[in-house]
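Here is a short report for a reader new to this structure. Have the sequence and the model open as you read.

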Amino acid sequence: MTTDKIKLLNFSDPKIKTLHITWFAFFLTFMVWFSHAPLMAIIKEAFDLTTPEVKALLILNVALTIPSRIVIGTLVDKYGPRTVFSMLLMIGGVICVGFASSQTYEQLAILRFLSGFIGAGFVIGIRMVSEWFPAKQVGIAEGIYGGWGNFGSAAAAMTLPTLALMFGGEDGWRYAIGSTGVLAFAYGIFYRKVARDTPKGSTYFKPKKHGGLEVTSKGDFYFYLLMNVPMYLALAVLTWKLSPSNLGILDDVGTYGIYAVLVILFLVQVRAIYHVNAENLKHGVPEIHRYKFKQVAVLDVAYFVTFGSELAVVSMLPLFFLDTFEGLSAVQAGLLASGFAFMNLVSRPTGGHFSDKYGRRKSLSFLIAGLAVGYLVLSQIDGNWFIWVAVLATMGCSFFVQAGEGAVFAAVPLIQRRMTGQIAGMAGAYGNVGAVCYLTVFSFVDYSTFFMVIGASAAIAFLFVQFMDEPSGQMAEILPDGTVQLIDVQ
């Protein structure tokens, strides 16, 4: 089995072994992260939860992922993916077992919030894979990593209900969810022993300072600060959803307290970013080390509409089929909607392959244009359509969505190697920001308008992508002895 000269069954090749053990690590993080979803009906009955309480758990599950992807990206660049991935798997496994052992709703809520931490696992493997594969193969390798790993959420939906029945009894759901945590913890130990950050003889480049991205001009400094604002606004929106004026999970004191904390954290981050870049702002940066922050910003916006829309649509698609087509059961609607997630297995690798073969900007432009059209088609679906046509339209749209995700992360490692973790973390966080924005829109509009809003935002993202410079030539990184190493990005 080969993919653009990548022999996926050649386990004697260290880079192939690294790819497989890393995508499976990511697979486990998503399996743990979404382990509660297919068992939520049982959990609701076990704890006698109200619908607002269930909605709050779903919101809490994604809240921490936004800041944690930024933090994890920084830690990866500083300590290396081997150490950080093993740590995240073990800590996430413990949190998962804690959630499975919860006895009160308060415990469920706190541990579901903390579970969002493991959702940052995706960022780690982006840096790991980029260390092992050359630029001409990094797109397809990152696509395999992302697409196969992302299938962990679908695997949880397919296996955990059956596993809960096999365990049996009132606590079957606890053992099913807890088993994913135990597996993640054990794999974290395995990953620590087996993985290596770089091929033998290669250097793992690290940023000179930590706490924010290094930028190379004053304009980029202010642009970077501006691009951080939407992440805090998304967290503010999540807080509002939990406030007395919405789900009522938080009281007024808690709501305004969180708003205040978000403002303080933003100011702290501004200070940290200035500290990282103070020397560059005062003395300038040699031409050989410069890059344009707009490259990062474009990829952030692209991931906002690709992964952001995927998270949002996967959350509502079963309900969409159930309400649109008469006579469907909840199980049938869920199966029809599952086609959207299944496409990940081939779509992300295909997007990465397109990016390697046809160019980063051209591929991303084509795929985002395709998803814009795809969502506009979905907005026209009604009960008069044949169900099989609606499913095909859904899967066609999902191909462009997930291939677009693959194309985004085919470009991420080609901007600045030493900051790949942070750049991946920021792009990944923007995906979650997109999900929050789209789901907030969904709470106010009908299905057709919801899909049209995504399609319109994708058209705007398409325009942004036209400002992206095609990575070319070489990027420069400084070796520990002070010499400069040039890394091909074509």
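## Terms and model

Ala, Val, Leu, Ile, Met, Phe, Trp, Tyr, Cys and Pro count as nonpolar here. Asp, Glu, Lys and Arg count as charged, and the others, Gly among them, as polar. The model is predicted.

## The cavity

A search of the whole structure finds one cavity of 30 Å³ or more. The space in this largest cavity is about 30 Å³. Its lining is made by Val 32, Gly 92, Ile 95, Cys 96, Leu 114, Ser 115 and Ile 118.

Two helices, α5 (81-100) and α6, each give two or more residues to that lining. Helix α5 gives the most, with three residues. By class, five lining residues are nonpolar, two are polar and none is charged.

## The second largest pocket

The second largest pocket holds about 820 Å³ of space. It is lined by 33 residues, and those closest to its centre are Leu 64, Pro 67, Leu 235, Leu 262 and Leu 265.

Several elements give two or more residues to the lining of this pocket: α3 (51-63), α4 (65-79), α6 (105-115), α11 (218-242), α12 (252-283) and α19 (420-442). Helix α11 gives the most, with eight residues. The lining of the pocket has 26 nonpolar residues, seven polar ones and no charged ones.

## Aromatic rings

The count comes to 41 aromatic pairs. One of them joins Phe 30 and Trp 33 edge-to-face, at 5.2 Å centre to centre and with 75 degrees between the planes. Both residues lie in helix α1 (residues 14-33), three residues apart, about one turn of the helix. An α-helix has 3.6 residues a turn, so residues three or four places apart point the same way.

Phe 30 has 2% relative accessibility, so Phe 30 counts as buried. Trp 33 has 0%, so Trp 33 counts as buried too. Ring pairs also link Phe 30 and Trp 33 into a cluster with Phe 26, Phe 34, Phe 122, Tyr 145, Tyr 303, Phe 307 and Phe 409.

Helix α7 (residues 121-132) is mostly covered, with twelve of its twelve residues buried. Among them are Phe 122, Arg 127 and Trp 132. Phe 122 also belongs to the ring cluster.

Which ring does Arg 127 lie over? Arg 127 lies over the face of Tyr 204, at 4.0 Å from the ring centre. Arg 112 lies over the face of Phe 99, at 4.4 Å from the ring centre.

Conventions: Residues are numbered from 1 along each chain as its sequence is written. This is a predicted model: local features need pLDDT of at least 70, side-chain atom pairs count only at pLDDT 80 or more; totals for chains, interfaces and linings use all residues. Side-chain values use heavy atoms; hydrogens and water are left out. Buried means under 20% relative accessible area, exposed over 50%, partly exposed in between (1.4 Å probe, protein chains only). Helices (H or I, at least four residues) and strands (E, at least two) are DSSP runs, numbered from the N terminus. On a 1 Å grid over the protein atoms alone, a cavity is a set of points where a 1.4 Å probe fits but cannot get out, and a pocket is an open set with protein on both sides within 12 Å along at least five of seven lines; lining residues have an atom within 4 Å of a point. Grid points are joined across faces, edges and corners, and a volume is the space filled by probe spheres set on the points. Rings of Phe, Tyr and Trp (its six-membered ring) pair if their centres lie within 6.5 Å; planes under 30 degrees apart count as stacked, over 60 as edge-to-face and the rest as tilted. A charge sits over a ring if NZ of Lys or CZ of Arg is within 6 Å of the ring centre and within 35 degrees of the ring normal.
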